[in-house]
Amino acid sequence: MRLSRRALLAATTAATSLTAAPPAAAAEPRRRLRTGFERLAADGYALLDGHRVGIVTNPTGVTRDVRHIVDVMHADPRVNLVAVFGPEHGFRGTAQAGGSEGRYDDPATKLPVYDTYLKSGRPLADVFTASGVDTVVFDIQDVGARFYTYIWTLYDCMEAAQLAGKRFVVLDRPNPVTGRSAQGPVLHKEFATFVGRQPISQAHGMTVAELARLFNGEFLTDPVPLETVLMTGWRRSDLYDASGLPWVPPSPNMPTPDTALVYSGTCLFEGTNLSEGRGTTRPFELLGADGIDGRWAAGVSELALPGVHFREAYFAPSFSKFQGRTIGGVQIHVHDRTAYDPVRTGIALLVTAKQVWDGFAWRSDHWIDKLTGSAQVRTAIDAGASTEDVVAGWREELAAFRRIRKEYLLYK
């Protein structure tokens, strides 16, 4: 990664009145957050005037009073909304992980809904062309982790919009786990998949508008005509509950902001034979397997990791790994969200699970390497490395990414 002429382009693209937060934002009562969509609507949709608009969104694209923005825009004569594009899980959110809703007409609005899931490059550009839009809008709530696929839907749609000659508009929303810093290993390009297209850190600490500018400036061969509508009233240190916004699960196994807080660390258990808590009411907070007992909770508790306690737990997933079987493990209880480091905690849980349970195994396809972005974490843990040694293995690449990231941050 490098700063390039595209970095300057990304920083100067989208010179509209909605790109920068107005100076008065700091004086708003109680610092009320206004999303990109709220600001777009308040401006009378001027940014979309005269354009045939398609929107990439899912159930999280809602107003403060939980009306879906597609329904709102469709009913407003100032917007010529002609198409909707659904990501993984679908536009209305009916599909489980690894699924989508396909092509259909939305019953509520009669708008055509096109499936973007697992489409990229020219095939996705052809979808945009077939839809008849000239402006593609993106509005999806992210959760701050590299392997959460919506940011790569953003990347793929930006690339496809450029190929199809379309304009691209990103409506910003908060990073629910703050934007304080980037954490974790950085993806190595030879491990690129849909859970990580480009070399960013495991917890990126950015909003989708910031990521869009990073993608345009660093990774897209030809930048897309990009415009961003930023939030007002959001600070990098804010957790989601400070936003005053309703939480709509971005995917079926992301039920609460608490889930998002741990996800960038404990999703790594998808790369093992342990349950990551899918099929429970606390996915990614409950972890376990058949044969694990209280030694795991005791072992990881001895590390005195900041901001978190671990409770011995037993649970029976209703689907996914160990469906219908009672298994043992841990429940994560975050008691200091500011001190908590989800990626370091996830590594510590992997290290101690391997130490206390002789049944521990990686998935045979080495999915853990796709999640962490290289073979470094897996091979270090297999060699008996401590949590600190594993974390030290990505220190230099993380520092390099942080320097590049800094050029694209838009909020204090």
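Modeller: In this predicted model, the largest cavity is lined by Thr60, Val62, Thr63, Gln141, Arg173, Tyr240, Leu245, Pro246, Trp247 and Val248. Sorted by class, that lining comprises six nonpolar, three polar and one charged residues. The volume of the largest cavity is about 70 Å³.

A search of the whole structure finds two cavities of 30 Å³ or more. The second largest cavity holds about 40 Å³ of space. Its lining consists of Ile140, Gln141, Asp142, Arg173, Pro174, Asn175, His204, Met206, Thr207 and Val208. In the second largest cavity the lining has four nonpolar, four polar and two charged residues.

The strands and helices can be described next. Seven strands form an open sheet in the order S3-S4-S2-S1-S5-S6-S9, and the pairing is mixed. Strand S3 (104–105) and strand S9 (226–229) stand at the edges with a single partner strand each, so one side of each has no neighbour in the sheet. Within this sheet, strand S1 (residues 52–57) and strand S2 (residues 80–86) run parallel and are joined by five bridges. Val56 stands opposite Phe85 in S2. Helix H4 (residues 121–131) packs on the sheet, where it touches S1, S2, strand S4 (112–115) and strand S5 (135–139). The direction of H4 makes about 155° with that of S2. Helix H5 (residues 150–164) lies across S1, S5, strand S6 (167–171) and S9, and runs at about 155° to S6.

Another strand pair deserves mention. Strand S10 (residues 286–289) pairs with strand S12 (residues 327–334) in the antiparallel sense, over four bridges. Leu287 has Val330 in S12 as its bridge partner. In a regular strand, side chains alternate between the two faces of the sheet. Along S10, Leu286 and Gly288 point one way while Leu287 and Ala289 point the other way, and all are buried.

Technical notes. Residues numbered from 1 in each chain as written. Predicted model: local features only at pLDDT ≥ 70, side-chain atom pairs only at ≥ 80, totals over all residues. Heavy atoms only, no water. 1 Å grid on protein atoms, 1.4 Å probe; cavity = no way out; pocket = protein on both sides within 12 Å on 5 of 7 lines; lining within 4 Å. Points joined across faces, edges and corners; volume = space filled by probe spheres on them. Nonpolar A, V, L, I, M, F, W, Y, C, P; charged D, E, K, R; others polar. Pairing = 2+ DSSP bridges. Helix = DSSP H or I, 4+ residues; strand = E, 2+ residues; numbered from the N terminus. Contact = heavy atoms within 4.5 Å. Axes fitted to C-alpha atoms, helices over the stretch in contact; angles between N-to-C directions. Buried < 20%, exposed > 50% of the residue type's maximum accessible area, 1.4 Å probe, protein only.
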